[in-house]
Amino acid sequence: MSSEQFEPTVVGFLCNWCAYAGADLAGVSRLQYPPNLRAVRTLCSATVGPHQILKAFQKGADGVFVGG
Amino acid sequence: MKDQKSSDVRIGVFICDCGSNIAGYLKMPTLVDYAKTLDNVVFVQENLYTCSEGGINEIKEAIPRENLNRVVVASCTPRTHEPLFQSACEEAGLNPYLFEMANIRDQCSWVHMREGEKGTERAKGQIAMAVAKAARLRPLNRIELSLTHKAVVIGGGVAGMAAAMALGNMGYEVDLIEKQDRLGGLLNDLNLILPTHEPPSVLLDDLIGRLENNPKVAIRTNSTVKKVEGYIGNYVVTAATDGNENKIKTGVIVVAVGARVLKPAGLMGYNGDRVVTHLELEAMLKQGAATPKSVVMVQCVGSRCEERTYCSRICCMTAVKNAILLKENDPTTSVTILYRDMQMYGVENEDMFRRSKELGVRYVTFDPEKPPIVEDGKVDVYHLRMGKQISMPADLVVLSTPLIAQEDVGEISTMLKVPLNENGFFLEGHVKLKPLDFATDGIYLCGNARFPSTIREAITQGLGAASRAAGVLSKDALHTSGIVADISPETCCGCLGCVQVCPYGAINFFEDRGVCQVNKVLCKGCGGCAATCPSGSARLDGFSSDQIYAQIEKALAG
Amino acid sequence: MLAYSEVTEFSGQVGDFKVKVRKRPRYVDQSRCTACGACAEKCPTKVPNEFNFGLDDRKAIYKDYAQGIPSVYTIDPENCRVLKGQKCGVCAKVCQAKAVDYDQKESFVDLNVAAVIVSTGYELFDATQIPEYGYGKLPNVISSLEMERLLSAGGPTKGHLSRPSTVRGEVRLKDLAKLIKKAEKSEDPTELEALQAEQKRVEHQVHKYHTAKKLGFIQCVGSRDFRFHKYCSSYCCMHSIKEAIIAKEHEPATESFVFYMDLRTVGKGFEEYKVRGAKVSGLQYVRGRIAEIAQDEDLNPVVRYEDTEQRKVTTMTLDMVILANACSASRGIVKVADLLGLDLDDNNFVRTHPNRPLDTNVPGIFTCGCAQGPLDIPESVAQASSAAARAAETVMTGGQALAV
């Protein structure tokens, strides 16, 4: 590992009706969190299958968040 | 449908400053320069407010000028602004589903206010993801369907009658299907009803009289539903009346099949003679045949137990009502109610509860672990508040048994493809927010078929279900959403995996062809089928695997 | 949608009501405001936030909460410097959408409608009327709605179950630090000593009881009580159980006691929820009415009650007490009823026809929700649809008031 501080990348699958709305609400409320998330909006967490999760890890994600 | 060749894809990216809401925290020139480097991007524009009239015009002008066939806006959130930008695309002649949004305000500049550098990196990632998805978007269409502006109400109890009456009054033709030879359901068997203390005939005669006079309402007694085909707007209900089958075309269906009273065979010495249910007591009171000197009523017989976990809501008030009637008939009658919690919710019930105490009705709390023992002429119970076993004489023991689901709810649920809960009551779309809807559009629910209700509640729900149904019937036509699932018939192997996960009953299996097919009117675009399908035949348009994979790849490219 | 508005004149009859509505000035142009919040961020005037019951502050330009509809900011004229004639104008300066308008005036809208639905809701029973419960005096005795705010991720503690004495204690500690510095400079030893003693005491309370872990829920506060409301408020048993379960989810070490007369869990799935609360979340249901709430030196509420199933009078020391305040008729309903000619019942709920549950005494005026009596959410939602059906019947028949 390099001496640089480890910065994980987390892929988040966010359901439009709850988790994505919650992430928007965090913004409206100006709640601060580390900028390591990359959000993928889905219409429902049911859209997210094992393939998508494995794909994220395969491409180098350090974590996957499914919010629904 | 094939992907457009990427060389044909021309994406315009509009990046919003949102005043200083984005521009104040993220490095806008960096984002603009970065967007220009992305594949298929041919035009990038920064706006002070993309959602302002000026911003919208810039989108509308750029589409023909730059020959754009995809538009990406990087700004606030699609949850509030996607429709606005989509209609701008549509007005400029671009299919609105060729639009994608990157959330760089609500989920970026506002949550990384003190991390401009890294926040900008995240925004770059989100823009790249949106652009990659946009390149794979396909034009989608909302399909228009006609509908039958008529309703079928299944069940002619007070809830079903209220629903039929309201729909008829609104001018829709209604078929009211009742299994028995008369309308009114459970109400017919009651003595006096709450809160008016009138015989049920007062309410029933009025309701039935007006229903019979309503030219829009066809009453079908002695009728049962045999078959239901179709979907919202376009159902065909087959009803059998005295053996003759009729096919009824309808746009919506209201389920108001009611419930029945549990006969507590084997519980607490029930014999239908000196140990009876409240329904049986009501019949005795109606005939003036009940003149006991000492009455013990026992609550929660067959409910709030392992076999039936629910509280049946209306038994406590029924017991108190009957206790008052017995006391009013003869103040020397001793009436004791053995209970766990007196469920006298609301204003009128609590008033009635208090009145019963004023009349001398006694209340004894019992412990379900030590239930009352009913013997000939007496009841023994462990008195929880006194801490000892007591015995009381009882000429008559009245058991409060719950309302339970009708025997044929399983068949109805299968025919309509709507679920039941563990107790056989129909399961609504959302326990709090959609109490009268099913998850499947076009079918509505009211009365005891949903859960035990008072008469007022049943009427309320009947009217409410009518209102929900009228919401559909008042439309000229139905429109599907563009974001719906599709199953490729070439590769579908008919495993039915998707049918099982679809919460909306939107997928049908065609045995003749051995394939599953999505009903696009019912599909809500959850994508459960696509995630489940082992052969990758099911695809959610607008959120397809290739689009999501492209987003994942870009998310991790930085 | 006419929010921030009220009916000022009303006349006519079913099929042809004339309604005058007064729109209060927001001092913000609703058509321009994008609800970005830049104004509130920069506004220099802090006001106790009534939405969070004063547990935090809002600004003089504000929105009650993030999801409010319409999504638009409003200037509170009682507190805005400009509207009080002082110098400021910061919000207008930072608003890039140019939505702030200090000169906005009230305006009136005239409506002509066939039917009216009254859904004015309810008010929380004011528990200061029950002196023996100490609400308003004992800091850690709170209302059910304050509990909702404390448990909310968008609330004043971001969902952490801090005791109000801790929330306020933390603010006080900051002030004390400043005051102590001042006292040190002014070399006032008595003042300094007093401040330091207070600092020590508050620090102890803040740190020892940072999270409320032993909770008491008191049912029927103002309900089923001859002094106040004789009726049962219907929904409180369930919301207390819900709050106790959520508290346990937030902090697994939480212990909750629900003090009740009858646990009324009459809705669909409610009894099962109650049983699960005991089995899964360890809630303890104690049958007994609280006689009195006192407080120990660490600001812990001490409840005195009869446990009727154990047949003894006893006390219990808790970290926090949550009152299940009754559902009271809203005070404004009397004025509305007067204007519309509606009958109210003895409790000031809108009176309805016994067999036509949405119909008021005035043909064409319907009512739903807690305006007509206490109701839980599903029943309220069902009633709202029903009232809409009644109104639709009236509208679609060209103003006939048909029976159900």
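**Legends to close-up views of a predicted model**

**View 1. Overall build of chain B.** Chain B holds 15 helices and 28 strands. Helices (H or I, at least four residues) and strands (E, at least two) are DSSP runs, numbered from the N terminus. The model is predicted: local features need pLDDT of at least 70, side-chain atom pairs count only at pLDDT 80 or more, and totals for chains, interfaces and linings use all residues. Residues are numbered from 1 along each chain as its sequence is written, and chains are lettered from A and ligands numbered from 1 in the order in which they are written. The C-alpha atoms of chain B fill a box of roughly 95 × 60 × 45 Å along the principal axes. The radius of gyration of chain B is 31 Å, whereas a compact globule of 558 residues would have one near 24 Å. That radius is taken over C-alpha atoms, and the globule rule is 2.2 Å times the number of residues to the power 0.38.

**View 2. Packing within chain B.** Of its 558 residues, 52% count as buried. A residue is buried if 20 or more other C-beta atoms lie within 10 Å of its own, exposed if 12 or fewer, and partly exposed in between, with C-beta atoms placed from the backbone. Among contacts in chain B with a separation of 6 or more, 69% come from residues 24 or more positions apart. Two residues are in contact if their C-beta atoms, placed from the backbone, lie within 7 Å.

**View 3. The side of chain B that touches chain C.** Here 49 residues of chain B are in contact with 47 residues of chain C. The elements of chain B giving two or more residues to this side are α6 (158-169), α7 (200-213), α10 (346-358) and α12 (455-473). α12(B) gives the most, with 10 residues. By residue class, this side of chain B has 23 nonpolar, 15 polar and 11 charged. Ala, Val, Leu, Ile, Met, Phe, Trp, Tyr, Cys and Pro count as nonpolar, Asp, Glu, Lys and Arg as charged, and the others, Gly among them, as polar.

**View 4. Chain A.** Chain A has 2 helices and 3 strands. Along the sequence they follow the pattern β-α-β-α-β. The C-alpha trace of chain A spans about 40 × 35 × 10 Å along its principal axes. Buried residues make up 38% of the 68 residues in chain A. Of the contacts in chain A between residues at least 6 apart in sequence, 81% join residues at least 24 apart.

**View 5. Ala92(C) and Cys39(C).** Ala92(C) sits in helix α2 (residues 90-94) of chain C. Ala92(C) is partly exposed because 18 other C-beta atoms lie within 10 Å. Cys39(C) is 53 residues away along the chain, yet the C-alpha atoms of Ala92(C) and Cys39(C) are separated by 7.5 Å.
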